[in-house]
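This report covers a single protein model and the features computed from its atoms. Please read it alongside the sequence and the 3D view.

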Amino acid sequence: MTDTAILAPALDPRSGDTPMPRARRQWGVALTALRRLLTDKEDTGQVFEIMGALNGDSTQRGYERLLTTPNGGRLAYERVELAPRLMDDAWLDSFPTGTVGAAYRDFVRSENLSAEGLAEISRQRRGAVELRHPYAWFGRRTRDAHDLWHILSGYHRDGLGEACLVAFSYAQTGSLGWAVIAVGAALKARKRGVKAIWQGYRRGAAAKWLLGEDYEKLMAEPLVDARRRLNITPATLYDAVPVGER
């Protein structure tokens, strides 16, 4: 799950050869998709419907913030497409046990996930994701990092884990779609689940801005060290909920 929106040549975001669609919020579309998502958390396509309907200019703001970070200019210039890197089995197999990359590799393989699978769902739902534009690239990068954020945050793919990560993601991105999904999930959750979701938001707000990270370098870091450097605290309230209640 992440912001919709992948590769661009070196274009000025305001005068690229492929203009971005004008951001306009569509609450009816979002609420219909939210009802479907809360009925079936595996219906990932509804996430992209919600994000596309509500995110407004959050992707643009994220890209512009990236340019203010120490490595952001280089990352924006290089515009590495994250999904193909995360689909490179040889690269993933090169990471030793204990690293972020090894944890990611084990996670996606055990859950039968792939960055390309998520990307394909977003293409089916939101037509603008492949535009040759810097904002679109940044949106794809955000989307493709979703399962990496599972690893960094410590949230699993159960219903509560996804809800907590959604709240974490809202704090990180400011994307209204994440906020709506988090609130919807909280309304269905038990008291301890609501507290865990709220902690997810607070953890995301306290952490370093993950969208400014060089993910290729991050993958080689020991997971424990990466979490410490990024100020990602333990998910104590989520961890305290029995697996059967999540």
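The model is predicted. Its second largest pocket has a volume of about 460 Å³. This pocket is lined by 20 residues, and those closest to its centre are G159, L160, A163, A185 and R246. Two or more lining residues come from each of α1 (27–39), α11 (159–173), α12 (176–188) and α13 (191–206). Of these, α11 gives the largest share, five residues. By class, the lining of the second largest pocket holds 11 nonpolar, two polar and seven charged residues.

R246, one of the residues closest to the pocket centre, is found in the segment after α16. With a relative accessible area of 19%, R246 is buried, since the cut-off for buried is under 20%. Apart from neighbours within four places in sequence, R246 is in contact with H156, D158, G159, L160, Y238, D239 and V241. Two of these contacts, G159 and L160, are also listed among the residues closest to the centre of the second largest pocket. R246 and G161 are 85 residues apart along the chain, and their C-alpha atoms are separated by 7.2 Å.

## Helix α11

The helix that supplies the largest share of the pocket lining can be checked for length. At 1.5 Å a residue, the 15 residues of α11 should span 21 Å, and the end C-alpha atoms are 21 Å apart, so the two values agree.

How much of α11 is buried? The count is 12 of the 15 residues, so α11 is largely enclosed by the rest of the structure. The buried residues of α11 are L160, G161, E162, A163, C164, L165, V166, A167, F168, S169, Q172 and T173. The cover over them includes α3 (58–66), α9 (134–144), α10 (146–153), α12, α13 and α16 (236–240). Among these covering elements, α12 and α13 also give two or more residues to the pocket lining. After α11 comes G174, which has a positive phi near 70°.

## The largest cavity

The largest cavity has a volume of about 100 Å³. Its lining consists of L75, E78, V80, L82, W137, R141, E213, D214, Y215 and E216. At least two lining residues are supplied by each of α4 (72–78), α9 and α14 (215–218). The lining of the largest cavity divides into five nonpolar, no polar and five charged residues.

## Salt bridges

Across the whole structure there are 21 salt bridges. Three of them are set out below.

| Pair | Closest N to O distance |
|---|---|
| E116 and R123 | 2.7 Å |
| R229 and E221 | 2.7 Å |

The partners can be described by their relative accessible area. R105 is buried at 10%, whereas D106 is partly exposed at 46%. In the pair of E116 and R123, E116 is partly exposed at 29%, and R123 is partly exposed at 28%. R229 counts as partly exposed at 36%, while E221 is buried at 19%.

Beyond these pairs, K41, E42, E111, R157 and E162 are linked in a network of salt bridges. E162 is also one of the buried residues of α11.

## Helix α7 and positive phi values

R105 belongs to the buried residues of α7 (residues 100–110), along with V100, G101, A102, Y104, F107 and V108. Just after α7, N112 takes a positive phi of about 55°, although N112 is not a glycine. Where does N112 lie? It is found in the loop between α7 and α8 (115–125). N112 is exposed, with a relative accessible area of 71%, because exposed means over 50%.

N231 is another residue other than glycine with a positive phi, near 60°. N231 is found in the loop between α15 (223–229) and α16. At 40% relative accessibility, N231 counts as partly exposed.

Definitions and conventions:
Residues numbered from 1 in each chain as written. Predicted model: local features only at pLDDT ≥ 70, side-chain atom pairs only at ≥ 80, totals over all residues. Heavy atoms only, no water. 1 Å grid on protein atoms, 1.4 Å probe; cavity = no way out; pocket = protein on both sides within 12 Å on 5 of 7 lines; lining within 4 Å. Points joined across faces, edges and corners; volume = space filled by probe spheres on them. Helix = DSSP H or I, 4+ residues; strand = E, 2+ residues; numbered from the N terminus. Nonpolar A, V, L, I, M, F, W, Y, C, P; charged D, E, K, R; others polar. Expected span 1.5 Å × (residues − 1). Buried < 20%, exposed > 50% of the residue type's maximum accessible area, 1.4 Å probe, protein only. Contact = heavy atoms within 4.5 Å. Salt bridge = Lys/Arg side-chain N within 4 Å of Asp/Glu carboxyl O.
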